[in-house]
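This report describes selected features of one protein model. The sequence and the structure come first.

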Amino acid sequence: MVSRVIPVSSFDLVIFGGTGDLARRKILPGLYRRFSAGQMPENSRIIGAARGDLDDDGYRKMVADAIKEFVPKDRQDKATIDGFIDHLSYVPIDARGDRGWKDLAKLVRKDVVQAFYFSVGPGLFGDLAERLHSFGIASEMSRIVVEKPFGRDLASAKSLNAVLAESFDESQIYRIDHYLGKETVQNLMAVRFANVLFEPLWNAQYIDHVQITVAETVSVEGRGAYYDKSGAMRDMVQNHLMQLLCLTAMEPPSMFEPDAVRDEKLKVIRALDPVPTTNIVRGQYGPDGDDLGYIDHSENPDSTTESFIAMKVDISNWRWKGTPFYLRTGKRLKARMSEIVIHFKETPHSIFEEDAGSHANVLTIRLQPDEGMDLRVTIKEPGPGGMRLVDVPLDMTFADALGPSAEDVPDAYERLIMDVIRGNQTLFMRGDEVEAAWAWTDPIIEEWQARNERPVNYEPGSSGPEDALMLLHRDGRKWGEVR
Ligand code: NAP
């Protein structure tokens, strides 16, 4: 298979917070991988910027160490690492002061794509945006990349949008949700809109319900203080799960073009019904033997923050009325997995004997681990003995289906950074989308706060609280296994 990669132009990429955890773990290793795939034009440059006193060589060494730590060993190559770090330089800078800005202004070129990655806390976004302009660094051609969390409620998201809008046009702002950079998420759009097979069935008439699960095995240890102010609803549902829901539920856009796709996602968010508390289960992992509980990690003995949430969400539009979307996410669960599962309805009438067995079709879109898709179809069990039905998988794990070309699939950050350089906003959230998501989330959180109820307990290493199972049981349905 010949792969066609859309080339990128030469660029200067400034990473504010270029010495931080995200830069070291994701952004720089991702850029290294694109460099090693030959996708970084020769005269492109990456400029790290933070307050720490480093020179270019010190920064290059830090980045080489980060690559050795965070890039799989079989993807490391000394000559390639040396070639990559040649493209790096560093400017000590203070986002809140004058230090370093004139030096940065001298370094950043005006005749190549300029991208500024704000890999710092959101409290610094306004300072950075303002100084990029007042020091004459940014131009109409510049792009800025901002990380989650984008606000903690509608009011803070609006004020962040307003701060950025003072210095940059919406077409220059790239709000990252790395879930959108995953190969399978884009494949969801390909499956839906490039095949005639699924779209006619993609509605309440044929789909019984949809399950979206993002399960993590990690606890909040080490980030307890941060997480305690956030919780699963703000940290995962408002952004990642909401985006997955939108891509599953949206109408076909007229083109695969940024605003056409984002308009359709926005319509889905606006069609979400308010969720009554009876359709939500909030959980907190408790201690178990030697395992510490959420309270121990958060260091707040009275914390009512949820580390798990399961909810039933209804969409009020023609396509989805009557087909619930069940969302579930949590920390310290049994397995790390993310998947969207489409449960089709059973056939309207079975022509086979009652004891032949019947199985509804299920389409699973796996984001992790092993990105891929699996469609369960019903066939006749082979052999004599009459008509007995079994459901079997039509499984497509990308690595198996596409062979070596799937091995070099860029990870989410690599792809998204390259999309910034290409100027393609399709996989980034627009300001109005983020605000609409908070407008739906806020009343739910406000109601919890008013009630001040403790989340239910669940065992660390389990599939979540029993009550979450009940949420589906009472509708005669069952969650897929967390495995
Ligand atoms: P971090 O490890 O604390 O790094 C922060 C970076 O910002 C450091 O390089 C720090 O260097 C720099 N910085 C802090 N204050 C500064 C100032 N006044 N002027 C210039 N630079 C300054 O944080 P992080 O984990 O990398 O996260 C960065 C952002 O990404 C945050 O908004 C976070 O919520 C978001 N995020 C992170 C992850 C992740 O996996 N880490 C995932 C998703 C989103 P100096 O102290 O030397 O200045």
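## Basis

The model is predicted.

Val 14 has Phe 116 in E4 as its bridge partner.

## Val 113

Strand E4 covers residues 113-118, and Val 113 is part of it. Is Val 113 buried or exposed? Its relative accessible area is 12%. Buried means under 20%, so Val 113 is buried.

Which residues are in contact with Val 113, leaving aside its neighbours within four places in sequence? They are Ser 9, Ser 10, Phe 11, Asp 12, Arg 143 and Ile 421. Val 8 is 105 residues from Val 113 in sequence, while the C-alpha to C-alpha separation in space is 9.5 Å.

## The nine-stranded sheet

A further open sheet consists of nine strands with mixed pairing, ordered E14-E13-E12-E11-E7-E10-E9-E8-E15. Strand E14 (389-397) and strand E15 (456-458) are the edge strands, and each pairs on one side only. On average, and with direction ignored, neighbouring strands of this sheet are turned by 20° against each other.

Opposite Gly 283 stands Val 456 in E15.

Helix H7 (residues 183-194) lies across strand E11 (337-344), strand E12 (362-368) and strand E13 (372-380). H7 runs at about 150° to E12. Helix H15 (residues 431-451) lies across E8 and E9, and its angle to E9 is about 120°.

Helix H16 (residues 466-473) has three buried residues listed by name: Ala 468, Leu 471 and Leu 472. Viewed down the axis of H16, these residues fall within an arc of 90°, so they line one face of the helix. The cover over the buried residues of H16 includes strand E7 (207-215), strand E8 (280-285), strand E9 (308-313) and strand E10 (325-330).

## The H6-H15 pair

H15 also packs with helix H6 (residues 154-167); the angle is about 165° and the axes are 8 Å apart. An angle over 145 degrees counts as roughly antiparallel, so this is how H6 stands to H15. The crossing of the two helices is left-handed.

Which residues make the contact between H6 and H15? On the H6 side they are Leu 154, Ala 157, Lys 158 and Asn 161. H15 contributes Gly 431, Val 434, Glu 435, Trp 438, Ala 439 and Asp 442.

Note on methods: Residues numbered from 1 in each chain as written. Predicted model: local features only at pLDDT ≥ 70, side-chain atom pairs only at ≥ 80, totals over all residues. Heavy atoms only, no water. Helix = DSSP H or I, 4+ residues; strand = E, 2+ residues; numbered from the N terminus. Buried < 20%, exposed > 50% of the residue type's maximum accessible area, 1.4 Å probe, protein only. Contact = heavy atoms within 4.5 Å. Arc of directions from axis to C-beta. Pairing = 2+ DSSP bridges. Axes fitted to C-alpha atoms, helices over the stretch in contact; angles between N-to-C directions. Parallel < 35°, antiparallel > 145°, perpendicular 65-115°, else oblique. Left-handed = near helix turned anticlockwise from the far one by under 90°.
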